[in-house]
Amino acid sequence: MDNRIICLGIIIVVVAIGAFSLMNNSNTDTVSDDDYYVDYNLDSSPFYLCKGSIKPKSSDLTLYYNNDESVYGYFSPGGEFLGIAYYNDAKIRGEIKYDLKKVKWSDNDTDSDYAMENFTRDFKDKYKYDKEDIDMTLEFKDKKGKTVDLYDLSRETGNYYDSKGGYNYEIKKPPIKIYLKNNTLTVKVNHRFTVNSTPISNAPPYDGDLAQEPSDFDKTYKAVLNIDFKNDNCSYTLESTLKGDNFNIVHT
């Protein structure tokens, strides 16, 4: 047989096998190029967590309280005298001013750099377009940082928890209001606490709160104001400690 005919036959067989394999793979392969497609146009800009602290520009925040022994008593349902009641009155009011340019940011280089450049503008935008989404909470602590009887206050209305009595109380008016002018944030606080619901038998009735045991209002040393808000780029958390000349504590 002519060698050229043999070679041609081998070539035809190889080509046929290749064509068959290609057709078979195209019918059974379920993975497409789309499965490996990566969208490199997705928004990959970072989201910052900006934590800082700020000192008041001025403050006359004042806590007024009375936890002394009273002239009233409390009795059992059958009328048995059980002991002397204590005054349990507390209210707070005052005005705190902050210079938004005076925030001290944490040591995280990336986040703090972003905050230093953008915080004031971001706060003003949030105040202008979504002021209600700026969260503020005012906490009360003793010298060791332990919470005292006073429950935390928030800008929102609603139920508040009494850490000692375990009761919820309805607050109809927000105890914290805020105002912004230029770079100065003004925080106004005005609230009378309802701290205990112990039933007391009084004659005449006492226009205030009474308790079976004295509160620890007198241990109050400082108030801590937390300010939180976020936008599409950053979650801001600021803490301001109020004590000494910035937080007056008055026994009435």
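**Fold, cores and selected contacts of a predicted model**

Of the 252 residues in the protein chain, 37% are buried, where buried means under 20% relative accessible area, exposed means over 50%, and partly exposed lies in between (1.4 Å probe, protein chains only). The model is predicted, so local features need pLDDT of at least 70 and side-chain atom pairs count only at pLDDT 80 or more, while totals for chains, interfaces and linings use all residues. Residues are numbered from 1 along each chain as its sequence is written, and side-chain values use heavy atoms, with hydrogens and water left out.

The secondary structure of the protein chain consists of two helices and 17 strands. Helices (H or I, at least four residues) and strands (E, at least two) are DSSP runs, numbered from the N terminus. Among contacts in the protein chain with a separation of 6 or more, 65% are made by residues 24 or more positions apart; contact here means heavy atoms within 4.5 Å. The accessible surface of the protein chain is about 16,200 Å², and carbon and sulfur atoms account for 49% of this area. Accessible areas were computed by the Shrake-Rupley method with a 1.4 Å probe, and for residues only the protein chains shown count as cover. The structure contains zero disulfides, a disulfide being a pair of cysteine sulfur atoms within 2.5 Å. C50 is buried at a relative accessible area of 1%, and C234 is buried at 0%.

In soluble globular proteins, nonpolar side chains tend to be buried together. A nonpolar core is defined as a set of buried Ala, Val, Leu, Ile, Met, Phe, Trp, Tyr and Cys residues joined through side-chain atoms within 4.5 Å. The largest nonpolar core has 43 residues, of which I92, F123, L138, F140, L185, V187 and Y236 touch the most other members. Helix α2 gives the most to this core, with five residues. Apart from this core lies another, of five residues, among them Y72, Y74, Y87 and L210. When residues up to four places away in sequence are not counted, L185 touches I96, K97, Y98, L100, F123, M136, I178, Y179, L180 and I227.

A pair of aromatic rings is described by the distance of the centres and the angle of the planes. Rings of Phe, Tyr and Trp (its six-membered ring) pair if their centres lie within 6.5 Å; planes under 30 degrees apart count as stacked, over 60 as edge-to-face and the rest as tilted. By this rule there are twelve aromatic pairs. Y65 and F217 form an edge-to-face pair, with 6.3 Å between the centres and 80° between the planes. This pair links distant parts of the chain, 152 residues apart: Y65 belongs to strand β3 (residues 61-66), and F217 to the loop between β14 (210-211) and β15 (222-230). Both Y65 and F217 are buried. F140 and F247 form a tilted pair, at 6.5 Å centre to centre and 40° between the planes. Here too distant parts of the chain are linked, since F140 is in strand β8 (residues 135-141) and F247 in strand β17 (residues 247-251), 107 residues apart. F140 and F247 are likewise buried. One aromatic cluster is formed by W105, F119, F123, F229 and Y236.

Several polar residues were also examined. D122, in helix α2 (residues 109-130), is buried at 5% relative accessibility. The side chains of D122 and N231 are joined by a polar contact of 3.3 Å. A polar contact is a pair of N or O atoms within 3.5 Å; within protein, one must be able to donate a hydrogen and the other to accept it, and residues adjacent in sequence count only if both atoms are side-chain atoms. Beyond its neighbours within four places in sequence, D122 is in contact with Y114, F229, N231 and Y236.

S70 is located in strand β4 (residues 69-75) and is buried at 6% relative accessibility. A polar atom of the S70 side chain lies 3.0 Å from the backbone nitrogen of Y72, and the side chain of S70 also reaches the backbone oxygen of A85 at 2.6 Å.

H191, in strand β13, is buried with a relative accessible area of 11%, and a polar contact of 3.2 Å joins its side chain to that of Y151. By contrast, N182 is exposed at a relative accessible area of 60%. N182 occupies the loop between β12 (176-181) and β13 (184-192), and has a positive phi of about 55° although it is not a glycine.
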